[in-house]
Amino acid sequence: IGEPTSMGVIEGHKGCYEYTTEFTGLEGHGSQPDRGVNAVEYAARYISRMLDIAEELKERAPAESRFDPPWTTLQVGRIEGGKARNVIAGSCTVEWEMRPISPDDASFAKRQLADYVGRVLLPSMRAVCPHCDIVTRTVGEVEGLQIVEDSEARRIVMELTGADRADVVPFGTEAGLFQ
């Protein structure tokens with residue numbers, strides 16, 4: 001049995017934004033890829049752009065950030081699409097999340113992705129088939145708990161627990177909703 005752990009006072013956390021992006025292409029036989037629109041391939045391009053944005057978010061990290069890592073993160077948790085090796089994938093789903101430090105970072109990332117979809121991906125897909133689409137559904141957007149310099153709640157909790165400091169965590173809780 002390990003050492004007993006004590007609960008700490010948490011005064012800030014990142015947000016937790018979760019999304020599902022659905023790609024609708026045009027299914028066809030793999031021997032004629034120019035006659036279809038491969039939803040898996042477009043999902044891969046979307047993910048590639050998302051990874052580029054994730055790198056850009058590192059540059060936006062506040063110098064005084066206490067989070068680990070100190071920047072807003074993006075990550076893909078699941079991708080599913082296609083029917084078989086020899087069939088052009090008519091659909092693909094990407095489940096992803098963002099852990100923003102600030103609402104500005106979340107807006108930046110969402111704007112960048114929406115611009116890429118509207119300017120690059122959809123025109124290319126629809127040049128082959130006008131019914132192709134990319135739709136992002138919001139699963140949930142929980143705001144982060146922003147650190148408040150003069151917080152009566154923090155003072156009371158620190159007094160009750162005997163804690164001498166407060167910390168931040170890189171995950172989300174419901175506290176951001178109540179703030």
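Trainee: What makes the link between the side chains of Arg 99 and Glu 97 a polar contact?

Mentor: In this predicted model, the two side chains come to 3.0 Å, and the cut-off for such a pair of N or O atoms is 3.5 Å. The distance is within that limit, so the pair counts as a polar contact.

Trainee: Why is Arg 99 called buried?

Mentor: Its relative accessible area is 18%, and buried means under 20%, so Arg 99 qualifies. Arg 99 belongs to strand E6, residues 91-99. Beyond its neighbours within four places in sequence, Arg 99 is in contact with several residues, among them Cys 16, Trp 71 and Phe 171.

Trainee: On to the rings, then. How many aromatic pairs are there?

Mentor: The count is three. One of the pairs is Phe 23 with Tyr 46.

Trainee: And why is the pair of Phe 23 and Tyr 46 called edge-to-face?

Mentor: The ring centres are 5.3 Å apart, within the 6.5 Å limit for a pair. The planes stand at 75°, and over 60 degrees counts as edge-to-face, so that is the label for this pair. Phe 23 is in strand E2 and Tyr 46 in helix H1, 23 residues apart, so the pair links distant parts of the chain.

Trainee: How do you know whether Phe 23 and Tyr 46 are buried or exposed?

Mentor: Phe 23 has a relative accessible area of 1% and Tyr 46 has 2%. Each value is under 20%, so Phe 23 is buried, and so is Tyr 46. Both residues also belong to a cluster that ring pairs form with Tyr 19 and Trp 96.

How values were computed. Residues are numbered from 1 along each chain as its sequence is written. This is a predicted model: local features need pLDDT of at least 70, side-chain atom pairs count only at pLDDT 80 or more; totals for chains, interfaces and linings use all residues. Side-chain values use heavy atoms; hydrogens and water are left out. Helices (H or I, at least four residues) and strands (E, at least two) are DSSP runs, numbered from the N terminus. Buried means under 20% relative accessible area, exposed over 50%, partly exposed in between (1.4 Å probe, protein chains only). A polar contact is a pair of N or O atoms within 3.5 Å; within protein, one must be able to donate a hydrogen and the other to accept it, and residues adjacent in sequence count only if both atoms are side-chain atoms. Contact means heavy atoms within 4.5 Å. Rings of Phe, Tyr and Trp (its six-membered ring) pair if their centres lie within 6.5 Å; planes under 30 degrees apart count as stacked, over 60 as edge-to-face and the rest as tilted.
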